[in-house]
Amino acid sequence: MSHGPSASGGALVAAPPHGHHHDEPHEPVFVGEARTQLDTILSRYPTKQAALLPALWMLQDARGWVSDKGIEEIAALLAITPAYIKGVVSFYTMYHQHPVGRHFIQVCTTTPCNVCGAEDVVKSFLEHTGCGDLGLTSADGRFTVIEVECLGACGFATPVMINNDFIESVTPESVPRILAELK
Amino acid sequence: MVSLTIEGRPVTVPDGMSILEAAKTAGVLVPHYCYHPGLPVAGVCRMCLVEVEKMPKLAPACATSVMEGQVVHVHSPKALEARKGVLEFLLINHPLDCPICDQAGECELQDYTFAEGRADSRYREPKRFNPVEDFGGDVLYVQNRCILCTRCVRFMSDVADEPVLNVSERGDRAFIGKAEGHDLTNPWAGNVIDLCPVGALLSKDFLNKARAWELDRAPTVCTGCSQGCNAVVETRDNVPVRLKPRPNDAVNQYYMCEVGRQSYREFARRDRADQPLVRINGTLTEVDWEDAVTAAVGALSGKRVVVLASPNLSNEALFLLERLVAQLNGQGVFRVARGETVPLPGVADLALREERAANAAGARLLGFAEVTTVGSALRHDDALLVVGDALDGVTPSELAALSSLVFVGTTIPTAVAERAVAVLPITNTVEEEGTFTNLRGRVQRFLQGRTAPGVARPSWFVLTDLLAATGGAAEFHLPADVFAAMVSTHQAFAGLDYESLGMHGLPVLASETATAGAAI
Ligand code: SF4
Ligand code: SF4
Ligand code: FES
Ligand code: FES
């Protein structure tokens, strides 16, 4: 079953289109270099469970999103159940539960930014990326746009995060230029 | 110990107890959802808010320890107002579809909303809707009704030690989730259905079978294995439809395994022997009880009699059988089905036991020897008296050497239909009362939960008749009489009294004896 956006409030991360399945074969992520890196992380904590967030982060870094198969891989390594990991993954909006575009665009729409016109920035992104709606990925696979809660830059409305880059004072007009600079 | 006042009642309770538990000792119920005495405290539902004098804010009674001299108000206007607010929030999205909800009639949300909730809702927005999900095993998840108390999650992680449930997503989108392909197939998972305070987790098996208020209930002891979990058998129009755990700290806390839960089906069988039968001109023919008993005794006398008893017979029945064995100069044996031992990790000494019968310990204490095959106990020309054993797996060749066969039981096996001289129909566990001895030597009572089919009689009653007819002294009018006789003649049961066993049972003196040979 899929848990789509609720009727009672805007979803931060929309579900993928219905009937969308991602059962491509899973190549283990934590081998070689990555495994050594995970072991280093593990050595910092008293319990394996404590390394869950960084492990998920590594997985997402490598694969772009956190798949069920990836969860199974981490579950085996950290000796925690996939269900537990799934709960964690779904709690944090920073983990993608389905594939996203190469450029993951997060627009702050919390009150201060909203007052300064963040909604129009969102509209502009949706229009110029061709994503259609929040959480969906553009047909060319390049973009996914979502709304986020306060990015901690209220003085520079509207802040936008594209992957790991932070852009301040974005206006609807500056959107095409920003997009053009992305590969 | 700490002394405090709850709703004007003075109570003295152990240090560190929660206000909620302390209130129970004063006979005051503090409404609650997430709290359950068998689970770690989570304090997430806020339904247990109470007013404590000198504390600036309302306190969650489940997560607040008692303090010397505390004055607690459970039903003060402030506390009531707060809980009314909690209920209003819970009902923002909760559909009040009680008329079709399987939990209606035993739902804590329904109860507290009735007792303390608002008469109307201030929300006009449409409610959130999410589809029902099959959690695997016997469990169905109706997300719309979930109040996110996390009892199910905590049970699976802390008690069953198999964390397959989680809280997925967060805030107003949160729901109970599980990872793809990881189902609730744990042999103890069914307990989440009982733990769920609302109709969010439902039993597929029980779904739409009955409304809670149509059911009759009787305390019983599960016959699924030698653990002896305390249970309640629920019947609708005299048909057993469900078996639920009955709390007993000394045996099963609040829990029961899947094998036990499903064992109600055996009690609900419809192919029951319900008339005494005697073989006349080669055919089993209905007769009255007197003739059947006479025929049975006739078939047994003058031979060496092997009594094959079921380890699911009560202590009372086994005691009478033991006397019958002595009277007939015979031998008493039993077989017990075996399976895998499946512990519930979070509860000490609770497991689905290897011995899948309720009273193997009782059978041993009462002088019955365990055999693996029926044939091994039989010699040429023996008479076989089968009581309760369904003769599963017994081959015709094993019975070939018998001179006669008498069957006392609930359903007629093929071998019996072919060979028995007499068939005496008895009641099953939920149709009679008596006691079982579990593997730790705890003697526990079970009560009658439904009426017997036809003219089937309680096992102790039939065995009393047989004993009398073979010339043995037998003057019993109640199971309690049989129990008293057993106690007075068996050192192992010394000191026990039928009434004072209560509904939670008591250990026998020689519980070591009972344990010997039992699977731990
Ligand atoms: S869970 Fe309780 S309140 Fe909700 S629909 Fe079922 S019976 Fe009614
Ligand atoms: S399913 Fe039931 S037990 Fe589990 S969180 Fe929801 S309401 Fe609580
Ligand atoms: S509200 Fe937008 S950055 Fe804080
Ligand atoms: S019962 Fe106390 S917070 Fe839920």
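How many nonpolar, polar and charged residues does the shell around ligand 2 have? In this predicted model, that shell is made up of 12 nonpolar residues, one polar residue and one charged residue. The points below look at this shell, then at a group of strands in chain B, and finally at the interface of chain B and chain A.

**Around ligand 2**
- There are 14 residues around ligand 2, and those that come nearest are B:Cys146, B:Cys149, B:Thr150, B:Cys152 and B:Cys196.

**Strands in chain B**
- Strand E14 (residues 277–280) of chain B pairs with strand E15 (residues 283–286) of chain B in the antiparallel sense, over four bridges, and in this pairing B:Leu277 stands opposite B:Glu286.
- E14(B) and E15(B) form a hairpin with two residues between them, and in the turn B:Asn281 has a positive phi of about 50 degrees.
- E14(B) is also joined by two bridges to strand E23 (residues 422–425) of chain B, again in an antiparallel arrangement, where B:Val278 has B:Ala422 as its bridge partner.

**Where chain B meets chain A**
- The interface brings 21 residues of chain B into contact with 21 residues of chain A, and the area buried between the two chains is about 1,700 Å², with 54% of this given by carbon and sulfur atoms.
- On the side of chain B, the residues that lose the most area to chain A are B:Glu169, B:Arg170 and B:Arg173, which together account for 31% of what that side buries.

Notes. Residues are numbered from 1 along each chain as its sequence is written. Chains are lettered from A and ligands numbered from 1 in the order in which they are written. This is a predicted model: local features need pLDDT of at least 70, side-chain atom pairs count only at pLDDT 80 or more; totals for chains, interfaces and linings use all residues. Side-chain values use heavy atoms; hydrogens and water are left out. A residue is near a molecule or strand if one of its heavy atoms lies within 4 Å of it. Ala, Val, Leu, Ile, Met, Phe, Trp, Tyr, Cys and Pro count as nonpolar, Asp, Glu, Lys and Arg as charged, and the others, Gly among them, as polar. Two strands pair if DSSP finds at least two bridges between them. Contact means heavy atoms within 4.5 Å. Buried area is the accessible area (1.4 Å probe) that two parts lose on being put together, summed over both.
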